[in-house]
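Please read the following report alongside the sequence and the structure shown here.

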Amino acid sequence: MKTLIVAAAEGEPINPVLPHTSEIIIGLIAFLLLFFVIKKFVSPKFEAVYAERAAKIEGGIEKAEQAQAEAQRTLEQYKAQLAEARAEAARIRDDARIEGEQIISELRAKAQEESARIVAAGQTQLETQRAQIVAELRGELGRLAVDLADRVVGESLEDEVRRRGTVDRFLDELDNTSAPAVK
């Protein structure tokens, strides 16, 4: 305030906006001291925090890009596995179809063999029964023929050898007379 009074006494007009020179010097020293403290201690910490955040952000972006690339690789692997699984399923279906056709053809062949065996067994049985019936009929026919011959001829054909010879002769004659008619 004394300066203000001195300046007013000297005849200079007082400027309320312009500070006094000593205040400017003290303010400048205080500013430089504060600037030095901020530059030496505060600014490096801010720079370190800024660099750390920037590294985290860049690391996060890099990690995100890596995760995106990994997801893309996984997606490609999944698609490849899916295509492989579909091809495998188609191959299994084809193999099953072929195996089914083989089983069906094997079963048909077995059924035909079984059918042929049954038919052959039936024919063998029929032949056996036919031979048995023919033998029974020959015996019965021979007995009836001997009885008839006994009555017609009047001689006894009780002797087994004679009877058998007569019956065989009669049956041979009967076969000879019926054979041309059958053919």
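A residue is called buried when its relative accessible area is under 20%, exposed when that area is over 50%, and partly exposed in between, with a 1.4 Å probe and with protein chains only taken into account. This is a predicted model, in which local features need a pLDDT of at least 70 and side-chain atom pairs count only at pLDDT 80 or more, while totals for chains, interfaces and linings use all residues. Residues are numbered from 1 along each chain as its sequence is written, and side-chain values use heavy atoms, leaving out hydrogens and water.

The protein contains three helices and zero strands, where helices (H or I, at least four residues) and strands (E, at least two) are DSSP runs numbered from the N terminus. Of its 183 residues, 4% count as buried. Its accessible surface, computed by the Shrake-Rupley method with a 1.4 Å probe, comes to about 16,100 Å², and 62% of this belongs to carbon and sulfur atoms.

The pLDDT, which is the predictor's confidence in each residue on a scale from 0 to 100, averages 83 for the protein, and 81% of the residues score at least 70. Confidence is lowest in helix α1 (residues 2-10), with a mean of 52, and highest in α2, with a mean of 89.

| UniProt feature | Residues | Distance between end C-alpha atoms | Helix and strand |
|---|---|---|---|
| "transmembrane region" | residues 20-38 | 26 Å | 95% helix, 0% strand |
| "coiled-coil region" | residues 57-95 | 55 Å | 100% helix, 0% strand |

The structure holds one aromatic pair, a term for rings of Phe, Tyr and Trp (its six-membered ring) with centres within 6.5 Å, counted as stacked if the planes are under 30 degrees apart, edge-to-face if over 60, and tilted for the rest. The rings of phenylalanine 31 and phenylalanine 35 have centres 6.3 Å apart and planes at 25°, so this pair is stacked. Both residues lie in helix α2, four residues apart, which is about one turn of the helix. Phenylalanine 31 counts as exposed because its relative accessibility is 51%, whereas phenylalanine 35, at 48%, counts as partly exposed.

Helix α2 spans residues 21-153 and includes phenylalanine 36.

How values were computed. UniProt positions renumbered as here; feature names shortened; annotations may be inferred.
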